[in-house]
Amino acid sequence: HRERYRCLRENVMFVVREYNENLSALSPAERRLFAERLHFLDRKIAPGLTKLSWASKQITEVFLKDVRRVCQEVARLISEYQRSNRLVQRAVRAMASTQP
């Protein structure tokens, strides 16, 4: 049982890290922009904080895989948005620096 709980703890920590990385990657304005996705992620995590039976190996594995998938999806969306935003900012600066 000890090994199983060690693996479970490790997987939970992966979720915590991914969730925290998503939040820390966002400015306050971006948090408002991504509020719907973050709320969806919070709803996915909520059963693990309230009603999930951590004693059931199969349920916890499915839960953790699903939550990690959603965390990674949100991270991908954040990354794509921020990359696109940087490209737009560069293009605007380039246009502003050209003289007619």
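In which helix is Phe63 found? Phe63 belongs to helix α4. The views below come from a predicted model.

**View 1. Phe63 is a buried residue of helix α4.**
Its relative accessible area is 13%, under the 20% cut-off, so Phe63 counts as buried. Phe63 is among the α4 residues that make the contact with α3. Cys7 is 56 residues from Phe63 in sequence. In space, the two C-alpha atoms are 14 Å apart.

**View 2. Helices α3 and α4 pack with their axes 10 Å apart.**
The packing angle is about 165°. An angle over 145° counts as roughly antiparallel, so α3 and α4 are roughly antiparallel to each other. Their crossing is left-handed. From α3, the contact is made by Arg37, Leu38, Phe40, Leu41, Lys44, Ile45, Pro47 and Gly48. From α4, Phe63, Asp66, Val67, Val70, Cys71, Glu73, Val74 and Leu77 take part.

**View 3. Ser56 lies in the loop between α3 and α4.**
Is Ser56 buried or partly exposed? Ser56 counts as partly exposed, at 22% relative accessibility. Arg69 is 13 residues away from Ser56 in sequence. Their C-alpha atoms are 20 Å apart in space.

**View 4. Helix α1 (residues 2-24) packs against α4 at an angle of about 20°.**
The axes are 9 Å apart. Angles under 35° count as roughly parallel, and α1 and α4 are therefore roughly parallel to each other. This crossing, between α1 and α4, is left-handed. On the α1 side, the contact is made by Arg4, Leu8, Asn11, Val12, Phe14, Val15, Glu18, Tyr19 and Asn22. On the α4 side, the residues include Lys57, Thr60, Leu64, Val67 and Arg68. Cys71, Gln72, Val74, Ala75 and Ile78 of α4 also take part.

**View 5. The axes of α1 and α3 cross at roughly 165°.**
They come within 12 Å. The angle makes α1 roughly antiparallel to α3. The crossing of α1 past α3 is left-handed. Tyr19, Asn22 and Leu23 of α1 make the contact, with Leu38, Leu41, Asp42 and Ile45 of α3.

**View 6. Asn22 is a buried residue of helix α1.**
The relative accessible area of Asn22 is 4%. Which residues does Asn22 touch, not counting residues up to four places away in sequence? They are Leu41, Cys71, Val74, Ala75 and Ile78. Asn22 is among the α1 residues in contact with α4. Asn22 is also among the α1 residues in contact with α3.

**View 7. Phe34 and Tyr81 form the one aromatic pair of the structure.**
The rings are 5.5 Å apart, centre to centre. Their planes stand at 80°. An angle over 60° counts as edge-to-face, so this pair is edge-to-face. Phe34 lies in the loop between α2 (28-33) and α3 (35-50), and Tyr81 lies in helix α4 (residues 57-97). The pair therefore ties together parts that are 47 residues apart in sequence. Phe34 is buried, with a relative accessible area of 9%. Tyr81 is partly exposed, with a relative accessible area of 28%.

**View 8. The charged end of Arg4 sits over the ring of Tyr5.**
The distance from the charged end of Arg4 to the ring centre of Tyr5 is 5.4 Å. Arg4 is also one of the α1 residues in contact with α4.

Note on methods. Residues numbered from 1 in each chain as written. Predicted model: local features only at pLDDT ≥ 70, side-chain atom pairs only at ≥ 80, totals over all residues. Heavy atoms only, no water. Phe/Tyr/Trp six-rings, centres within 6.5 Å; stacked < 30°, edge-to-face > 60°. Helix = DSSP H or I, 4+ residues; strand = E, 2+ residues; numbered from the N terminus. Buried < 20%, exposed > 50% of the residue type's maximum accessible area, 1.4 Å probe, protein only. Lys NZ or Arg CZ within 6 Å of the ring centre and 35° of its normal. Axes fitted to C-alpha atoms, helices over the stretch in contact; angles between N-to-C directions. Parallel < 35°, antiparallel > 145°, perpendicular 65-115°, else oblique. Left-handed = near helix turned anticlockwise from the far one by under 90°. Contact = heavy atoms within 4.5 Å.
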